[in-house]
Every structure is written in structure tokens, then in C-alpha cells.
Amino acid sequence: MSVKHATDENFTELIDGALTLVDFWAPWCGPCRMFGPIFESTSEKIHDVNFVKFEVNDENRRTPAKFGIRGIPSVLAFKNGELVEARSGLMDEETLAAWIAELKG
């Protein structure tokens with residue numbers, strides 16, 4: 001499944017429904033640039049989860065503020081539009097896949 005890109009305007013519609021992981025990131029963030037390919041690779045292997053990227057920038061401030069994003073990368077997990085868990089920092093692919101399995105559990 002391909003990674004979708006969220007903004008303040010389309011965020012709510014992208015997280016409504018199945019298990020959705022949202023990667024909050026910025027292009028100037030070194031760990032974010034390292035995590036991006038891991039997030040995308042995992043999205044290609046796990047097809048029953050929605051993967052969304054949200055670039056934290058001047059145009060998109062409301063959503064990160066709403067969820068208290070203070071450090072990036074941060075990945076938030078949603079089920080049916082409700083936040084169920086959040087993790088911050090760089091994760092490797094195995095850690096990300098294990099977390100997804102826990103969330104599906």
C-alpha cells in the first residue's frame with residue numbers, strides 16, 4: 001500500500017477507519033530522513049494498515065499542536081479516527097513491524 005500524505009485539511013479523513021500510522025516528520029530532521037525509507041518499506045509489506053506521512057511545517061501547525069508533537073519523528077497510531085498509541089524517535093523496521101503486530105493484537 002502506498003504512503004499517503006496528510007495536511008491539516010485532510011488529516012481527519014485519512015485517519016478514519018482501519019489501523020492508521022501517521023509519521024510526523026520534517027525534511028530538515030536527520031532521524032526523520034533515516035526513518036522515512038523504513039516507514040515506506042514497511043508500508044509495502046503490511047497491506048492491512050494505512051500509512052500516512054505528515055510534514056510538520058509552517059502551513060501545517062494545527063494537527064501537530066493538537067496531538068502534542070514535540071519531537072520528530074513521532075508516529076501516532078489511530079483506530080477509527082481515535083489515537084491509541086504514540087511513539088517518538090527512530091525505529092528500525094523490525095521494531096516498527098512488531099509494534100504494528102501489537103496494535104493489531
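In which loop is Asn 80 found? Asn 80 is found in the loop between β4 and β5 (82-88); helices (H or I, at least four residues) and strands (E, at least two) are DSSP runs, numbered from the N terminus.

The views below come from a predicted model, in which local features need pLDDT of at least 70 and side-chain atom pairs count only at pLDDT 80 or more, while totals for chains, interfaces and linings use all residues. Residues are numbered from 1 along each chain as its sequence is written, and side-chain values use heavy atoms, with hydrogens and water left out.

**View 1**
Asn 80 has a phi near 50°, a positive value in a residue other than glycine. Most residues other than glycine have a negative phi, and most peptide bonds are trans. Asn 80 counts as exposed because its relative accessibility is 57%; buried means under 20% relative accessible area, exposed over 50%, and partly exposed in between (1.4 Å probe, protein chains only). Ile 72 and Pro 73 are joined by a cis peptide bond, with omega about 0°. Pro 73 has its place in the loop between α3 (62-66) and β4.

**View 1. The aromatic pair of Phe 11 and Phe 78.**
Rings of Phe, Tyr and Trp (its six-membered ring) pair if their centres lie within 6.5 Å; planes under 30 degrees apart count as stacked, over 60 as edge-to-face and the rest as tilted. By this rule the count comes to eight aromatic pairs. One of them joins Phe 11 and Phe 78 edge-to-face, at 5.7 Å centre to centre and with 80° between the planes. Phe 11 belongs to helix α1 (residues 11-15) and Phe 78 to strand β4 (residues 74-79), so this pair ties together parts that are 67 residues apart in sequence. Phe 11 and Phe 78 are buried. One aromatic cluster is formed by Phe 11, Phe 24, Phe 54, Phe 67 and Phe 78.

**View 2. The aromatic pair of Phe 39 and Phe 51.**
Phe 39 and Phe 51 form an edge-to-face aromatic pair, with 5.2 Å centre to centre and 75° between the planes. Phe 39 lies in helix α2 (residues 30-45) and Phe 51 in strand β3 (residues 50-55), so the pair ties together parts that are 12 residues apart in sequence. Phe 51 counts as buried because its relative accessible area is 1%. Neighbours within four places in sequence left aside, Phe 51 is in contact (heavy atoms within 4.5 Å) with Ser 2, Val 3, Lys 4, Leu 21, Phe 39, Thr 42, Ser 43, Ile 46 and Ile 100. The C-alpha atoms of Phe 51 and Asn 10 are separated by 14 Å, and these residues are 41 apart along the chain.

**View 3. Lys 53 and the ring of Trp 25.**
Lys 53 lies over the face of Trp 25, at 4.9 Å from the ring centre. A charge sits over a ring if NZ of Lys or CZ of Arg is within 6 Å of the ring centre and within 35 degrees of the ring normal.

**View 4. The packing of helices α2 and α4.**
Two packed helices are described by the angle between their axes and the distance between the axes. For α2 and helix α4 (residues 93-104), the angle is about 50° and the axes are 10 Å apart. That makes α2 oblique to α4; angles under 35 degrees count as roughly parallel, over 145 as roughly antiparallel, 65 to 115 as roughly perpendicular and the rest as oblique. The contact is made by Phe 35, Ile 38, Phe 39, Ser 41, Thr 42 and Lys 45 of α2 and by Glu 93, Leu 96 and Ile 100 of α4.

Ile 46 has its place in the loop between α2 and β3. With a relative accessible area of 14%, Ile 46 is buried. Apart from neighbours within four places in sequence, Ile 46 is in contact with Phe 51, Ile 100 and Lys 104. Ser 2, found in the segment before β1, is exposed, with a relative accessible area of 55%. Ser 2 and His 47 are 45 residues apart in sequence and 9.0 Å apart in space, C-alpha to C-alpha.

Key:
Axes are lines fitted to C-alpha atoms, for helices over the stretch in contact, and angles run from 0 to 180 degrees between N-to-C directions.
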